[in-house]
Amino acid sequence: MSWPLIILVLVIGIVLVALEIIVIPGGFSGAIGGLLAILAVWQTYASYGNVAGNIVLLCSLAVLIVLIVILMKSKTWNRVSLHEAVDSKVNTVDKQEIQVGSRGVTVTRLAPSGNALIHDQVVEVHTVSEFVDPDTPIEVIEIEGYRIVVKPVQEQETTPTESDNQ
């Protein structure tokens, strides 16, 4: 194997190991990268002797150690880490307030899930199949544990008129 090919295989191996550490978890790219680096070092020993093999081995280990040290510094991880706080929570359905038949209005678009205001509570709701626009009146048709299923209702169904009361 020629020097340019050995160097290329070694660089690809080290890049795959670095990608395993930073981006692609799961072990596959790291294993392939490790095997490529071992192949490059082995071919150096086989083609150019012990001195060249030892130099390539020590240089590749030094590059890998420096790369790991650089990647483990906090400044490197601050560039790729999530800085937003996730403050969402699971619906806690108050069975005395929200029941099948309760009515409310959508706060966000339901596509097919989103948020709705039901009895002064903003809760996550789901529709059966259709998309529902914001500020649309809805009715609860099913509650499965923490999952609230709703359907849109017509505007006339949500508020009784004076003629209905007489």
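Student: Is Arg147 buried, partly exposed or exposed?

Tutor: Keep in mind that this is a predicted model. The general idea is that buried means under 20% relative accessible area and exposed means over 50%, with partly exposed in between. Arg147 comes out at 36%, so the residue counts as partly exposed.

Student: Which residue does Arg147 form a salt bridge with?

Tutor: That's Glu144, and the closest N and O atoms of the pair are 3.7 Å apart. For a salt bridge, the cut-off is 4 Å between the side-chain nitrogen and the carboxyl oxygen, so the pair qualifies. Glu144 is partly exposed too, with a relative accessible area of 39%.

Student: How many salt bridges does the structure hold?

Tutor: Three. One of them joins the side chains of Glu139 and Arg103, at 3.4 Å from N to O. Glu139 sits in strand 4 (residues 137–144) and Arg103 in strand 1 (residues 103–106), so this pair ties together parts 36 residues apart in sequence.

Student: And is Glu139 buried or exposed?

Tutor: Glu139 has 15% relative accessibility, so it counts as buried.

Student: Where do Asp133 and Arg109 lie?

Tutor: Both lie in loops: Asp133 between strand 3 (121–127) and strand 4, Arg109 between strand 1 and strand 2 (113–118). Their side chains meet in a salt bridge, 3.7 Å from N to O. The pair therefore links parts that are 24 residues apart in sequence. Asp133 is partly exposed at 48% relative accessibility, and Arg109 is partly exposed at 45%.

Notes. Residues numbered from 1 in each chain as written. Predicted model: local features only at pLDDT ≥ 70, side-chain atom pairs only at ≥ 80, totals over all residues. Heavy atoms only, no water. Helix = DSSP H or I, 4+ residues; strand = E, 2+ residues; numbered from the N terminus. Buried < 20%, exposed > 50% of the residue type's maximum accessible area, 1.4 Å probe, protein only.
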